[in-house]
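Here's a quick tour for anyone opening this one up for the first time. Take a look at the sequence and the fold, then read on.

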Amino acid sequence: MLIADDEPLMRAGIKAILGTADDIELVAEAGDGREALQIVRERRVDVAVLDIRMPRMDGLACAKELRVVAPSVRVVMLTTFGEDDNIVRALSDGAAGFLLKDSAPEELLRAVRAVNNGEAYLSPMVTSRVVGMVATSGQPKRQEAQKAVEGLTDREVEVLALLGQGMSNADVGAKLHMSEATVKTYVSRLLAKLGLTNRVQAALLARDAGIAN
C-alpha cells in the first residue's frame, strides 16, 4: 500500500500502525497527490491512503485521477472532523474508505483490509454524517435513485438494500443464503448496471431510493 500525506509525523504514525500488521506491506510514501500518482504509475499499489489536504495536488484530485490511471487502486481518504463537502466529493470520486485522523489505530487496519477485499469502510462518525446528508437530500434525488433501481432484478434489489445497511459480502451471503463469491458477482453486476464505482456509492443510492431499511 501507499501513504500520501504532507506531514512527516502523520506518515510516521501511519507507518508505525501498519508495521503491526503482517498482512499489509507499505511499499511507498508520498508528500502530495502528484508524487503519489507518479509512484502508482511506476509500481504496483493495491491500496492508497490519501490525506485530503496536501500541496500541489490534494487527496480529492488524486483520487479522481487514480480512477483514470489506476482504477484498480482502492482509496482510503483521511480527513478532519466536519468537512462534509469533502466527504461527498471523495465518495463521488470513487473513494472506498473514509477515516477521520483521530480514528483509533485498529480502525485504519480495518479500513485497509476492507477496501482491499473490495468492500467499503466509513468511520462511524463519517457514516452518521453521510446518512444525515442522504436524509436531507430531497425528493428529486429520491426519485432519480428509485428510477435507477427500477432496472434491477428482485435479487439485485435485495443485495443493494443490504449494501445500503452497511453489510459486508459475508453478511449479505449469510442473509440471502448465497456464497461470498456469488455476492461479489452480484455487487460487480450492480455497479456496472448502475454506473457506479464502488459499494459506498451503491449504499448511498440504496438509501436515496429508500430501500435500505
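This is a predicted model: local features need pLDDT of at least 70, side-chain atom pairs count only at pLDDT 80 or more; totals for chains, interfaces and linings use all residues.

**The chain as a whole**

- The protein chain has eleven helices and six strands.
- It runs to 213 residues, and 47% of them count as buried.
- Take the contacts between residues at least 6 apart in sequence: 64% of these join residues at least 24 apart.

- Helix α1 spans residues 8-18, and its buried residues are Arg-11, Ile-14, Ile-17 and Leu-18.
- Those four sit on the same side of α1, because the arc they cover around the axis is only 125°.

**Helix α3, another two-sided helix**

- In α3 (59-69), the buried set is Gly-59, Leu-60, Cys-62, Ala-63 and Leu-66.
- These residues share one side of α3, since they cover an arc of only 165° around the axis.
- Lys-64 and Val-68 are exposed, on the face of α3 turned away from the buried side.

**Where α8 meets α11**

- Helix α8 (residues 154-164) packs with helix α11 (residues 199-209) at an angle of about 100°, and their axes are 7 Å apart.
- Angles of 65 to 115 degrees count as roughly perpendicular, and α8 and α11 are therefore roughly perpendicular to each other.
- On the α8 side, the contact is made by Leu-160, Leu-163 and Gly-164.
- On the α11 side, it is made by Arg-199, Ala-202, Ala-203, Ala-206 and Arg-207.
- Sorted by class, the contact of α8 with α11 comes to five nonpolar, one polar and two charged residues.

**Where α8 meets α10**

- Helix α8 also packs with helix α10 (residues 180-194), at an angle of about 95° and with the axes 10 Å apart.
- That angle makes α8 roughly perpendicular to α10.
- From α8, the contact involves Arg-155, Glu-156, Val-159, Leu-160 and Leu-163.
- From α10, it involves Tyr-186, Val-187, Arg-189, Leu-190, Lys-193 and Leu-194.
- Which classes turn up in the contact of α8 with α10? There are seven nonpolar and four charged residues, and no polar ones.

- Some background first: most residues other than glycine have a negative phi.
- Arg-56 has a phi near 65°, a positive value in a residue that isn't glycine.
- You'll find Arg-56 in the loop between β3 (47-51) and α3.
- Is Arg-56 buried or exposed? Arg-56 has a relative accessible area of 56%, so it is exposed; the cut-off for exposed is over 50%.
- His-177 has a positive phi as well, near 60°, and is a residue other than glycine.
- His-177 lies in the loop between α9 (169-176) and α10.
- With a relative accessible area of 75%, His-177 is exposed.

- Thr-80 is in the loop between β4 and α4 (84-92).
- Setting aside neighbours within four places in sequence, Thr-80 is in contact with Leu-100 and Lys-101.
- Thr-80 and Arg-53 are 27 residues apart in sequence, with 9.5 Å between them in space, C-alpha to C-alpha.
- Ser-179 is in the loop between α9 and α10, where His-177 is also placed.
- Ser-179 is partly exposed, with a relative accessible area of 38%.
- How far apart are Ser-179 and Asn-169 in sequence and in space? They are ten residues apart in sequence and 8.8 Å apart in space, C-alpha to C-alpha.

Conventions
Residues are numbered from 1 along each chain as its sequence is written. Side-chain values use heavy atoms; hydrogens and water are left out. Axes are lines fitted to C-alpha atoms, for helices over the stretch in contact, and angles run from 0 to 180 degrees between N-to-C directions. Angles under 35 degrees count as roughly parallel, over 145 as roughly antiparallel, 65 to 115 as roughly perpendicular and the rest as oblique. Contact means heavy atoms within 4.5 Å. Ala, Val, Leu, Ile, Met, Phe, Trp, Tyr, Cys and Pro count as nonpolar, Asp, Glu, Lys and Arg as charged, and the others, Gly among them, as polar. Buried means under 20% relative accessible area, exposed over 50%, partly exposed in between (1.4 Å probe, protein chains only). The arc is that of the directions from the helix axis to the C-beta atoms.
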